[in-house]
Amino acid sequence: MTLKEIENYCLLKTGSFLDFPFGMDVAVIKVKSPSQEKGRIFAQLLILQGIPKVTLSCDAIIGEIWRANYPCSVERGYHCPKVQQPYFNTVTLTPNSTPSDDVLMEMIDHAYETTIGKMPKKYRKELEGFVAAL
């Protein structure tokens, strides 16, 4: 998947939106319920030294499994403080080392669900209601 394909897939998620809080070089996908002022980050897309990368939120245990299964392309969130690194994976998007598109979509789905799971119950219910109204 390309960065644009990943961005498009992320933006299909309910309540997701594109933001640039770190400057125009890093596209950030956040999720929020209708009544929230700010969203929570679940994906960050960037090009680092000419190499496309995506950083995704994750559960620490699942994140470790992906790092073990894809040691050449999945690492702890490289830019995160040490205490947050187990909860973010950075995936290098090169033809020879990238996990399959299906695995990347699974990682994105997990990032979205993990992020929603950290929201207060009130906001989770609003997102569920938003989906039901569609």
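Strands S5 (residues 74–76) and S6 pair in the antiparallel sense over three bridges. Two strands count as paired if DSSP finds at least two bridges between them. Helices (H or I, at least four residues) and strands (E, at least two) are DSSP runs, numbered from the N terminus. In this pairing, Glu 75 stands opposite Thr 90 in S6.

A word on the source. The model is predicted, so local features need pLDDT of at least 70 and side-chain atom pairs count only at pLDDT 80 or more, while totals for chains, interfaces and linings use all residues. Residues are numbered from 1 along each chain as its sequence is written, and side-chain values use heavy atoms, with hydrogens and water left out.

Now follow S6 itself. The strand spans residues 88–92, and five of its five residues are buried. Buried means under 20% relative accessible area, exposed over 50%, and partly exposed in between (1.4 Å probe, protein chains only). In a regular strand the side chains alternate between the two faces of the sheet. Phe 88, Thr 90 and Thr 92 point one way from S6, and Asn 89 and Val 91 point the other way.

S6 has another partner, S4 (residues 51–57), and these two pair in the antiparallel sense over five bridges. Here Lys 53 stands opposite Thr 92.

Step back to the whole sheet. Six strands form an open sheet, in the order S1-S2-S3-S4-S6-S5, with antiparallel pairing. S1 (16–19) and S5 are the edge strands, each pairing on one side only. From one strand to the next, the twist averages 25 degrees. Further along, S2 (residues 26–31) and S3 (residues 40–48) pair in the antiparallel sense over six bridges. Ala 27 has Leu 45 in S3 as its bridge partner.

Helix H3 (residues 101–117) packs on this sheet and touches S2, S3, S4, S5 and S6. Contact means heavy atoms within 4.5 Å. The direction of H3 makes about 40 degrees with that of S4. Axes are lines fitted to C-alpha atoms, for helices over the stretch in contact, and angles run from 0 to 180 degrees between N-to-C directions.
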